[in-house]
Amino acid sequence: MTTIAIDKTMIAADSRTARGDELRANMVKIRPVHGRLYALSGALAVFDAIIAWHNAGAVPADAPNKSESDNRWILAVIGPDADLKTYSCVCPYPEPIDLPWTVGSGREYAQALLDIGMTPIEAIAAAARRDLHTGGPVVAYDLRTMLPIDTTAHMNKSGKGRLVPESASVPRLC
């Protein structure tokens with residue numbers, strides 16, 4: 001599973017992957033390609049094919065895995081002008097989104113934390129404390145420069161190796 005969070009200046013994602021209830025290796029879910037940032041929630045096995053599809057014009061009829069229920073995906077594309085659109089296997093047409101925006105299994109936690117002022121990095125790290133399918137190293141990019149952010153500057157290790165924000169305690173949502 002995945003959790004991705006985007007605000008006006010940053011995008012962050014966890015790196016945990018799973019197939020059903022089985023945890024798999026960590027994978028990078030944000031990729032810079034041809035001056036754009038691509039972030040994928042869902043079928044990471046077809047990430048390269050989805051990026052190639054987008055770079056070839058994102059023709060809806062040619063969208064990868066658009067009918068396979070086990071390989072669903074949602075793609076966020078951020079252009080150099082910070083133009084943000086999403087595509088999905090269910091709706092392979094560009095959809096503009098409002099920020100802050102989240103997607104994935106820990107999206108409700110991350111969205112609430114963005115709404116109270118946490119950064120996307122902090123929101124992903126905190127969502128990992130509540131959502132079993134969110135975890136692993138957090139990867140982030142600055143939307144103004146399109147360059148990676150050193151997430152270790154924002155977090156430290158606590159407890160059983162789970163990443164948490166350096167700031168005070170994480171607010172309880174319930």
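In this predicted model, R107 and E108 form a salt bridge whose closest N and O atoms lie 3.6 Å apart. R107 itself is partly exposed, its relative accessible area being 38%.

This pair belongs to a set of 6 salt bridges found when the whole structure is searched, and the table lists some of them, including the R107 pair.

| Salt bridge | N to O distance |
|---|---|
| R107 and E108 | 3.6 Å |
| D14 and K29 | 3.1 Å |
| R144 and D142 | 3.0 Å |

The side chains of D14 and K29 meet in a salt bridge with an N to O distance of 3.1 Å. D14 sits in the loop that joins β2 (10-13) to β3 (17-19), while K29 sits in the loop that joins β4 (22-24) to β5 (30-33), so the pair ties together parts that are 15 residues apart in sequence. D14 and K29 are both buried.

The loop between β2 and β3 also holds S15, which counts as buried at 3% relative accessibility. When residues up to four places away in sequence are left aside, S15 touches A25, N26, M27 and K29, together with G135, G136 and P137.

Terms used. Residues numbered from 1 in each chain as written. Predicted model: local features only at pLDDT ≥ 70, side-chain atom pairs only at ≥ 80, totals over all residues. Heavy atoms only, no water. Salt bridge = Lys/Arg side-chain N within 4 Å of Asp/Glu carboxyl O. Helix = DSSP H or I, 4+ residues; strand = E, 2+ residues; numbered from the N terminus. Buried < 20%, exposed > 50% of the residue type's maximum accessible area, 1.4 Å probe, protein only. Contact = heavy atoms within 4.5 Å.
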